[in-house]
Amino acid sequence: MTVPEPSATPAGSEPRPAGPAKPATGEPLLSVRDLVQEFTVRERGGGKVGVVQAVSGVSFDIMPGETLGIVGETGSGKSTLARAILQAPRPKSGSVTFRGTELTKLRGGRLLQARRHMQFVFQDPFGSLDPKWKVRSIVAEPLVAYHTGNGTARRKRVNELLDLVGMDPARYAKRHPRELSGGQAQRVAIARAVALEPSLLICDEAVSSLDVLIQAQVLNLFERLRAELGLSYLFIAHDLALVKQVSDRVAVMYLGKLCETGPGEAVYREPLHPYTRALLDSIPSTEPGAARASSVIEGEPPSPINPPSGCRFRTRCPRATDLCAEEEPKPRELAAGHAVACHFPLTEPPPAESAESTSAENGTARAAAPDGSETTSKAVR
Amino acid sequence: MTDALLVVDDLRITFAVGGREVRAVDGINFTVSPGATLAIIGESGSGKTVSCRAIMGLLPTGTAIGGSARLHGTELLGLSDAELRRHRGSDLAMVFQDPARSLNPTMRIGLQITEAITTHRKVSKREAQAQAIELLRLVRMPAAERRFHEYPHQLSGGMRQRVMIAMALACRPKLLIADEATTALDVTTQAQIMELLLDLQQELDMALIMISHDLGLAASYADEVIVMYAGKIVEQAPAAGLFGAGGAVRMRYTRALLDAIPHLERSAHTPLPVVGGRPPDPTALPRGCSFAPRCGYAEDDCLAKVPALAEHAPGHSWACWHPCENGGAA
Amino acid sequence: MAAPLPNVTLASPHPPPLPSLINARRLRTQRLGRALRLWVPVGVLILILAICFLLPLVVTLPSATSGNIIVNNEPPFSPGHILGTDVQGVDIFSQLVYGGQVAFEVGISVTVIGIVIGGTLGVIAAYFGGWVDAVISRVFDILIAFPALVLALVIAEGLGPTEMHVIWALAVFGIPAVGRVARGATLTIRGLPFMTAARLAGTRRWRIIARHVVPNIFPSIVTFSLLGLGIIIILEGALDFLGYGIQRPKPSWGNMISNGQQILSVQPEYVLIPSIALLITVAALNMLGDALRERWGTQ
């Protein structure tokens, strides 16, 4: 492993960004192309059962200052995608270009330098903090690792960071993680993540394990950091409403592929992919008696070891036809910045031989009626 | 008024933790009518799970429990193990949050269901097996006969939860308590399971208590909603009285919860109305209203005196000295 | 629902408190018990160590290796010989003291070697995985597969019966024992997010091992080592008893027992006294290990 070039800065001054200069506006901050990540699944004895392609050719861009939200359910591969972007572990194939540098080709010290501006916030606030370390050591760790400043400068910076995330350094700097609440622990993790002034923050279900009110506090913190530090985010979650709240653009992921990508409002108001529609319909709204039974999606997600041929969503899609089984739909842009991977996106009427159209004929309509008049008797009490 | 199925009266539960007393539940009352759906909403530490476990008799020995919980007139608190076993399964049953931990990983699921059946009914093995498969079909398990012989790890989260529900329904209980039963599931699976539970309620004339932190779930599926904070009920109303057009949320905490949830209708990057602080330390509850230290509208009387839960409007009770004026729709 | 009554209070804001669960006296007893379980064995061990290592520096003890045949077989509390003398007239108390030194020297050395070599190998195996882990684990497995005593016997026989060789012989057992514990504990830690977070923060691998892994596996290693120390002392005694370890006239608890075996029926104290010393030492070590495990919550 090559020793990284020391970027020691004189005491008190801000750390110099290492690596290539920030790309000019217009260039994406992060550019992911055809990313593929696999695991081998072994049975207990060690014999190989199969290969799971958790991420199967995912491509997207994040522009500087933008927040991209990725929403997906269990087995969608979204967490694997996040790790693959970080090269931890390295993806099987595809490219990840960050600030103009191709990360998949870098090793050791150079990868460390390039990755400095990309940081990660984990789902489990306590799991991501070493229980034996004090808060101030935890937050200072990246500063120490990149040889930023001397002891005094670092201590000052740690206090600044704790203030930034709304924790009083005098009270919290010398505590251990077990003396913190979930929300506080997550704030410490965030303070650590922004210590080196990253350009991109990847948040993997970062608020999912927090109580509702604490979750709101942390989300507001993310917004504040976005404004004050000019951060871009890759925000990963399974809650579509949450993702839409924090993101400029939203990508929907299913079984390793992106179904739909577009501006948050557009994806919400005019979803193009049937899966997006199903997700939206499944969200319980705070309107009692709303048309919630309109499109409860059938079936279970298929096993990622053996994904369906063609379009992966076809086994649960009311609009699936034979074409969907034969040919995998490629993403195409139907509106400004709004792309979908579907042969029969929702802007078109359901295809003739699909389940949706036949069930509509038979009158066993479980599909969404356009005027939302489908309500069950339960709604009326 | 129909004869209430479950009547909980002044339930109080106290634990001893590390030498300090924790008042987990501090005097709550509610009733559940047959076939009705009640949602108990609260965050962690509110006491919602503990109260239902007390009703089921699942709290560890050495917990001080006061008050009463009567199912069709029979007192449930303080029953012996043998008596509890008679009630559990046939009168009331519970489904938990994490099906992975609630199912025995070394036993086939069919066996676990038949075990639930034979505990309460004297039937032959073959009869129990037939009933178990019938139950799997009832919970809409695809390929029920095949799944009968499978192990929990071969099933997805949603399917495991269906197995848990099948086990809970084995003896047609009159009351089902679902403790965050869908929290660990994907939103599409959650919708399926909730639809299933509601259909089962109709088919089996079963009451349902759903415990959750998700107000949206309560609004969509419940008849009556109870909001708990720090061991007390702070607001209680029919769902229509709280949410949607015509609904009015009164207690400040409920309002804070509603505002803090991300809503699809909001545009991105709008700052969420935030309530600072954390839930109170249960060993050292504040003198006045438990929510007052965090409430943006707290006044002096809020900090000094505990507000009583009172029915200020027909069917709608709240415990707040300065409630929201026009609570507004969700 | 029944017609509502206006402003009916449904729940009293101040329900009367339940009978208190906290029995202050029982709590005090619990705390006392926990403290005793920790400090009593610590005290006993400090006392034993003081007697074995400090006492000879302060008080001149009669020789532990040579004795006057004339005063042999003296009973305990004879003048000049607190615990009496053995068949050859050697003072028993001195033998006990110097035998204790041997026991602890061997025990602590083996434990330290185990931690340093075994612990390091275990951590490396778990942290780097792959073929490194495979090789190291197989080595551990092979060493552990031999019955400890037999292995120690063979090595001691092969190398010759001195204290150093006993140490190395027992270390062959100690290294894989500690190594496996270290490996297991490191594997548990390795999957945790804070390890990934440390990598992402840019921390170099050796530093991660030193500052993240070691402090977190430390409790497991310590509790295991304390229990292991007791086992090593027993094994050492067994080796000496069988004649493969420390040889007479140099005293050790094991060879004292062996020596006294012959006249066990007539003068049992030659066997009893070193046996009791062994018992107390190992029991204290076990109690201490359990008390620490209780306190630190490790397995």
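## Chain A overall

Two residues are in contact if their C-beta atoms, placed from the backbone, lie within 7 Å. This is a predicted model, in which local features need pLDDT of at least 70, side-chain atom pairs count only at pLDDT 80 or more, and totals for chains, interfaces and linings use all residues. Residues are numbered from 1 along each chain as its sequence is written, with chains lettered from A and ligands numbered from 1 in the order in which they are written.

Among contacts in chain A between residues at least 6 apart in sequence, those joining residues at least 24 apart make up 66%. Chain A has 12 helices and 12 strands; these are DSSP runs numbered from the N terminus, with helices being H or I of at least four residues and strands E of at least two. Of the 381 residues in chain A, 49% are buried (20 or more other C-beta atoms within 10 Å of the residue's own, C-beta atoms being placed from the backbone).

## Helix pairs

In chain A, the axes of helix α6 (residues 182-193) and helix α7 (residues 212-229) come within 10 Å and cross at roughly 15°. Axes are lines fitted to C-alpha atoms, for helices over the stretch in contact, and angles run from 0 to 180 degrees between N-to-C directions. α6(A) and α7(A) are therefore roughly parallel (angles under 35 degrees). From α6(A), G182(A), G183(A), Q186(A), R187(A) and I190(A) meet I214(A), Q217(A), V218(A) and L221(A) of α7(A). This contact has 4 nonpolar, 4 polar and 1 charged residues. Ala, Val, Leu, Ile, Met, Phe, Trp, Tyr, Cys and Pro count as nonpolar, Asp, Glu, Lys and Arg as charged, and the others, Gly among them, as polar.

In chain C, helix α2 (residues 92-128) and helix α5 (residues 163-190) pack at about 40°, with axes 5 Å apart. The contact of α2(C) with α5(C) has 22 nonpolar, 9 polar and 5 charged residues.

## Chains A and B

The interface brings 42 residues of chain A into contact with 46 residues of chain B. On the chain A side, α7, α8 (240-246), α9 (264-269) and α10 (274-282) each supply at least two residues, and the largest share, 8 residues, comes from α7(A). That side divides into 18 nonpolar, 13 polar and 11 charged residues.

## Domains of chain B

Chain B is divided into domain 1 (6-91 + 173-318) and domain 2 (99-172), with bounds from an automatic or database domain assignment. Their centres, taken over C-alpha atoms, are 29 Å apart. Domain 1 and domain 2 of chain B each give 13 residues to the contact.

Note on methods
Parallel < 35°, antiparallel > 145°, perpendicular 65-115°, else oblique. Buried ≥ 20, exposed ≤ 12 C-beta atoms within 10 Å, placed from the backbone.
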